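Take them in order and keep the view open as you go.

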Amino acid sequence: MGKTLKRSAAFTALARALAAGARNGPSIGTRLAALPRMIRATTKGEYDGGLRLALMTAATAYIVSPIDLLPEIPLAIFGLADDAVMITWLAGSVLAETDRFLEWEARRSSVIPGGLVP
């Protein structure tokens, strides 16, 4: 049941992100251009996307890896199904996380650095 919830959440995030782009939200190009900035901010510890980036990296490695949980050749369409689910989850995750990062970037640029004065 937990895996089903995670898959449905990824599909929901993908649908929401695509709908946001259709409603004058950030374009796919803007989101993809934000990826290097998001990685940089995460590695510097400024942005809290470490676990999500690690999961997206693992999903990308799984998709491009020749080692597969369900091999395509003997299992035909079932062997492609796990890759299709992984690609859909990855696309939804990238779109949702870049949307969250772009919102974080916008909020961050409106904050004036400094400390509290007692």
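Which residues in H3 are buried? Keep that in mind; the answer comes in point 2.

1. The average pLDDT over the chain is 78, and 64% of the residues score at least 70. Confidence is lowest in helix H1 (residues 2-22), with a mean of 61, and highest in H2, at 90. Where pLDDT is low, the predicted coordinates should not be read in detail.

2. Now back to the opening question. The buried residues in H3 are Leu53, Met56, Ala59 and Tyr62. An α-helix has 3.6 residues a turn, so residues three or four places apart point the same way. As for the helix itself, H3 runs to 15 residues and spans 21 Å from its first C-alpha to its last, close to the 21 Å expected at 1.5 Å a residue.

3. Next, the inside. The largest nonpolar core has twelve residues: Ala34, Met38, Ala41, Tyr47, Leu53, Met56, Ala59, Leu90, Val94, Phe101, Leu102 and Trp104. H2, H3 and H5 each supply at least two residues of this core, and H5 gives the largest share, with five. In soluble globular proteins, nonpolar side chains tend to be buried together.

4. Zoom in on Ala41, a member of that core. Leaving out residues up to four places away in sequence, Ala41 touches Glu46, Tyr47, Phe101 and Trp104. Among these, Tyr47, Phe101 and Trp104 also belong to the core.

5. Is Thr98 buried or exposed? Thr98 sits in helix H5 (residues 77-109), and it counts as buried because its relative accessible area is 0%. Setting aside neighbours within four places in sequence, Thr98 is in contact with Arg31, Leu35 and Met38.

6. Over to the charged pairs. Side chains of opposite charge can pair when their charged atoms come close. The count of salt bridges comes to six. One of them joins Glu46 and Arg108, whose closest N and O atoms are 3.5 Å apart. This pair links distant parts of the chain: Glu46 lies in the loop between helix H2 (28-43) and helix H3 (50-64), while Arg108 is in helix H5, 62 residues apart. Glu46 is partly exposed, at 38% relative accessibility, and Arg108 is partly exposed too, at 43%.

7. Asp48 is worth a stop of its own. Its side chain meets that of Arg52 in a salt bridge (3.3 Å, N to O). Asp48 also forms a salt bridge with Arg100, where the closest N and O atoms are 2.8 Å apart. Salt bridges that share partners join Asp48, Arg52, Glu97 and Arg100 into one network.

8. Finally, how exposed are the members of that network? Asp48 counts as exposed because its relative accessibility is 51%. Arg52, at 30%, is partly exposed, and Arg100, at 31%, is partly exposed as well.

Terms used
Residues numbered from 1 in each chain as written. Predicted model: local features only at pLDDT ≥ 70, side-chain atom pairs only at ≥ 80, totals over all residues. Heavy atoms only, no water. Helix = DSSP H or I, 4+ residues; strand = E, 2+ residues; numbered from the N terminus. Buried < 20%, exposed > 50% of the residue type's maximum accessible area, 1.4 Å probe, protein only. Contact = heavy atoms within 4.5 Å. Salt bridge = Lys/Arg side-chain N within 4 Å of Asp/Glu carboxyl O. Core = buried A, V, L, I, M, F, W, Y, C linked by side-chain atoms within 4.5 Å. Expected span 1.5 Å × (residues − 1). pLDDT = per-residue confidence, 0-100.
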